[in-house]
Amino acid sequence: MAEVDDELLTIGAFAARARLSAKALRLYDRLGLLTPDRVDAASGYRYYRAEQVERARLVALLRQLDMPLAQVATLVEADGTEAAELLAAYWTDVETRIAGQRTLAEYLRARLSGRSSEMYGKFVVETVEVPQQVLITETRHTLADELPAWIEASLGRLEAAAEECGGVSGAPFVVYHSEVSTESDGPAESCVPVADEAAARAWAARQGRTRQTAVRVEPARRLAYTRITKAQVAHPQILAAFEAVEQWVAAEELRYAGPCREVYFADWSAAGPGDAVCDVAFPVEGDTSR
């Protein structure tokens, strides 16, 4: 075996000093997170420098936070300040996800224990007649975690485009043509009513296939809806709102006349958590005078 530099540590000695297993070190090597300083060409033995101990321990600690490997690789290459900022941003995302999961667990616990009716009772369901509208739209397949950012961006783009189409003539809304969840990607369709159909069609022709934009004329609709606050728009509170409307529609023996939607009638950025901002709605048909 070739002579080994006295400053290098065998994988066993390095593993003991870093308080990691040799198996973990081989994995980190394979993933490019911690490569040996030297690999003996004849024996394949790995040798590490003592200065690599700190990096090895950092990688192991980051993995205990369930940080994805790609993010670990970026963080360990960053300097101290940048690395700290990357870690803070990652942990903020983790806490946001956990908070959402906690709320979802509470919602599911109430549902499974038969207390759903208590949740539905918080929502007042009414109907409204909406006249025929010319819509400029943008459609995308999107998962639940990407949905809020896409809604904000797409409605912003459409509202800006509406200036070329006679102006906004009604409340913007989002239609869900199929389920949007962590596993189902819709599609969802952002819609902005505009005043000038001819101008809207000219605008759409200039867009080509960009972002799946289109113009369509939606017929007059009757919507069964419940009004919710900005805080209630968050998942999974909004699920209870949708289910409350569905329960009401079933009780009234109505028929669905189109996919569900969220109608945004208020300035989202200016609204507080308790301000009403959105109608959760279903197009319906049938007699509501019973």
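Q: How many bridges pair strand β9 with β12, and in which sense?
A: In this predicted model, strand β9, residues 221-229, pairs with β12 in the antiparallel sense over seven bridges. Within that pairing, arginine 227 has aspartate 279 of β12 as its bridge partner.

Q: What about strand β10 and β12, how many bridges there?
A: Two bridges pair strand β10 (residues 255-256) with β12, again in the antiparallel sense. Arginine 255 has glutamate 285 in β12 as its bridge partner.

Q: And how many bridges join strand β11 to β12?
A: Strand β11, which covers residues 261-264, is joined to β12 by four bridges, and the two run antiparallel. The bridge partner of glutamate 262 in β12 is valine 280.

Q: How many residues of strand β12 are buried?
A: Eight of the ten residues in strand β12 (residues 276-285) are buried, so this strand is largely enclosed by the rest of the structure.

Q: Back to β9 for a moment. Is threonine 229 buried or exposed?
A: Threonine 229, whose place is in strand β9, counts as buried because its relative accessibility is 19%, and the cut-off for buried is under 20%.

Q: Which residues is it in contact with, leaving aside neighbours within four places in sequence?
A: With those neighbours left aside, threonine 229 is in contact with Pro273, Gly274, Asp275, Ala276 and Val277. Strand β12 spans residues 276-285, and the contacts of threonine 229 include Ala276 and Val277.

Q: Switching to β5: how many of its residues are buried?
A: Seven of the eight residues of strand β5 (residues 133-140) are buried, so strand β5 is largely enclosed by the rest of the structure.

Q: How many bridges pair β5 with strand β8?
A: Six bridges pair β5 with strand β8, residues 213-218, in the antiparallel sense. Isoleucine 136 stands opposite valine 215 in β8.

Q: And how many bridges join β5 to strand β7?
A: Seven bridges join β5 to strand β7 (residues 188-194), and these two strands run antiparallel. In β7, cysteine 191 is the bridge partner of threonine 137.

Q: What holds paired strands together in general?
A: Strands of a sheet pair through backbone hydrogen bonds, in either the parallel or the antiparallel sense.

Q: Which residues does the cis peptide bond join?
A: The cis peptide bond joins glycine 186 and proline 187, with omega at about 20 degrees. Proline 187 lies in the loop between β6 (173-176) and β7.

Q: What about aspartate 66, where is its place?
A: Aspartate 66 sits in the loop between α3 (53-64) and α4 (69-77). Its phi is positive, about 60 degrees, although aspartate 66 is not a glycine. Aspartate 66 is exposed, with a relative accessible area of 62%.

Q: New topic: what is the strand order in the open sheet of three strands?
A: The order is β1-β3-β2, with antiparallel pairing. The edges are taken by β1 (8-10) and β2 (38-39), each with a single partner strand, so one side of each is left without a neighbour in the sheet.

Q: How many bridges pair β2 with strand β3?
A: Two bridges pair β2 with strand β3 (residues 46-49) in the antiparallel sense. Valine 39 has arginine 46 in β3 as its bridge partner.

Q: Zooming out, how many helices and strands does the chain come to?
A: The chain comes to ten helices and twelve strands. Its radius of gyration is 28 Å, well over the 19 Å that the globule rule gives for 290 residues, so the chain is more spread out than a compact globule. The C-alpha atoms fill a box of roughly 90 × 55 × 35 Å along the principal axes.

Q: And how many positive and negative side chains are there?
A: There are 31 positive and 44 negative side chains, and the centres of the two sets lie 4 Å apart. As for the surface, the accessible area of the chain is about 16300 Å², with 51% belonging to carbon and sulfur atoms.

Terms used
Residues are numbered from 1 along each chain as its sequence is written. This is a predicted model: local features need pLDDT of at least 70, side-chain atom pairs count only at pLDDT 80 or more; totals for chains, interfaces and linings use all residues. Side-chain values use heavy atoms; hydrogens and water are left out. The radius of gyration is taken over C-alpha atoms; the globule rule is 2.2 Å times the number of residues to the power 0.38. Accessible areas come from the Shrake-Rupley method with a 1.4 Å probe; for residues, only the protein chains shown count as cover. Lys and Arg count as positive and Asp and Glu as negative; His and the chain ends are not counted. The place of a charge is taken as NZ of Lys, CZ of Arg, CG of Asp or CD of Glu. Two strands pair if DSSP finds at least two bridges between them. Buried means under 20% relative accessible area, exposed over 50%, partly exposed in between (1.4 Å probe, protein chains only). Contact means heavy atoms within 4.5 Å.
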